[in-house]
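Visitor: I'm new to this one. Could you walk me through it with a few questions?

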Amino acid sequence: MRNTNACIYVANLPPDITEHELDDKFYKFGRIRQITIKQSRRRDDECYAYIEFDSSSSVDDAIKYRDGYKFGRYRIFVDILREKGGKSSRGPPMRTDYRVIVDNLPSSASWQDLKDHMRKAGPVGYSSVNRGKGYVEYETKKDMEWALENLDKSEFKNIYSKSIIRVHPGNNDGRSASESIYKDHKYRDSESDKGFRFRSRSRSSSSRSRASRSLSRGKKSDS
């Protein structure tokens with residue numbers, strides 16, 4: 001039987017993640033009893049996982065030091081696993097297009113601090129913090145608009161510090177968050193492919209040049 005007090009939920013993982021790789025990132029927080037990896041139902045290029053430690057004392061450190069951790073091009077999300085009615089109450093974070101960006105957060109701010117503050121506008125499906133900048137996605141457009149109007153220049157505080165934050169729209173280019181991510185990755189992939197094709201042509205050209213020189217030398221020898 002799973003000890004839910006010693007379990008964490010890890011989201012936004014690469015699709016080819018392995019148990020060994022997760023163990024390598026989390027073993028230092030305590031002995032791991034079990035790792036379960038699942039495919040995200042919302043995105044084909046993401047996975048999530050449940051990690052059960054031997055002791056509940058490992059959970060806080062795992063969340064503190066691995067939430068927001070950069071795993072390749074993925075920034076992972078780590079939270080405590082809560083059970084409700086015998087089933088996990090956590091699934092992959094709800095990603096929406098109703099995003100706001102929060103500036104001027106104190107360096108001590110965590111995604112949970114930000115979520116607690118921004119949920120004054122309504123349910124928050126996703127939140128993250130990186131170098132004083134926060135990203136929040138609401139479940140509805142109405143809640144997003146309320147946050148933009150009422151939480152801009154509001155006082156944010158946690159147990160360590162406080163600041164006056166600025167809240168502004170998250171997609172100024174008119175694209176949805178998912179479209180921006182998709183197009184950016186598509187661009188990088190096409191650039192990478194272009195470089196590969198260029199190098200391939202270069203090698204082919206070099207091979208043909210070497211073959212031509214060898215043939216020329218052979219003809220000269222015959223003559």
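Visitor: Is Asp24 buried, partly exposed or exposed?

Guide: Keep in mind that this is a predicted model. Asp24 sits in helix H1, which covers residues 19–26. Its relative accessible area is 43%, and the middle class runs between the 20% and 50% cut-offs. So Asp24 counts as partly exposed.

Visitor: Which residues form a negative surface patch?

Guide: Asp and Glu are the residues that count as negative here. Asp24 is one of the patch members.

Visitor: How many disulfides does a search of the whole structure find?

Guide: A disulfide is a covalent bond between the sulfur atoms of two cysteines. Here, a pair of cysteine sulfur atoms has to lie within 2.5 Å to count. The search covers the whole structure, and the number of disulfides found is zero.

Visitor: Is Cys47 buried or exposed?

Guide: Buried means under 20% relative accessible area. Cys7, at 1%, counts as buried. Cys47 has a relative accessible area of 5%, so this residue is buried.

Visitor: Where is Asn12, and is this residue buried or exposed?

Guide: Asn12 lies in strand S1, residues 7–13. Its phi is near 65°, a positive value in a residue other than glycine.

Visitor: What is the phi of Asn104 near?

Guide: Asn104 is in the loop between strand S9 (98–103) and helix H3 (111–118). With a relative accessible area of 47%, Asn104 is partly exposed. Its phi is positive, in a residue other than glycine, and near 70°.

Key
Residues are numbered from 1 along each chain as its sequence is written. This is a predicted model: local features need pLDDT of at least 70, side-chain atom pairs count only at pLDDT 80 or more; totals for chains, interfaces and linings use all residues. Side-chain values use heavy atoms; hydrogens and water are left out. Buried means under 20% relative accessible area, exposed over 50%, partly exposed in between (1.4 Å probe, protein chains only). Patches are made of residues with over 30% relative accessible area and no salt bridge: like charges are joined within 9 Å, nonpolar side chains (Val, Leu, Ile, Met, Phe, Trp, Tyr) within 5 Å. Accessible areas come from the Shrake-Rupley method with a 1.4 Å probe; for residues, only the protein chains shown count as cover. A salt bridge is a side-chain nitrogen of Lys or Arg within 4 Å of a carboxyl oxygen of Asp or Glu. The place of a charge is taken as NZ of Lys, CZ of Arg, CG of Asp or CD of Glu. Helices (H or I, at least four residues) and strands (E, at least two) are DSSP runs, numbered from the N terminus.
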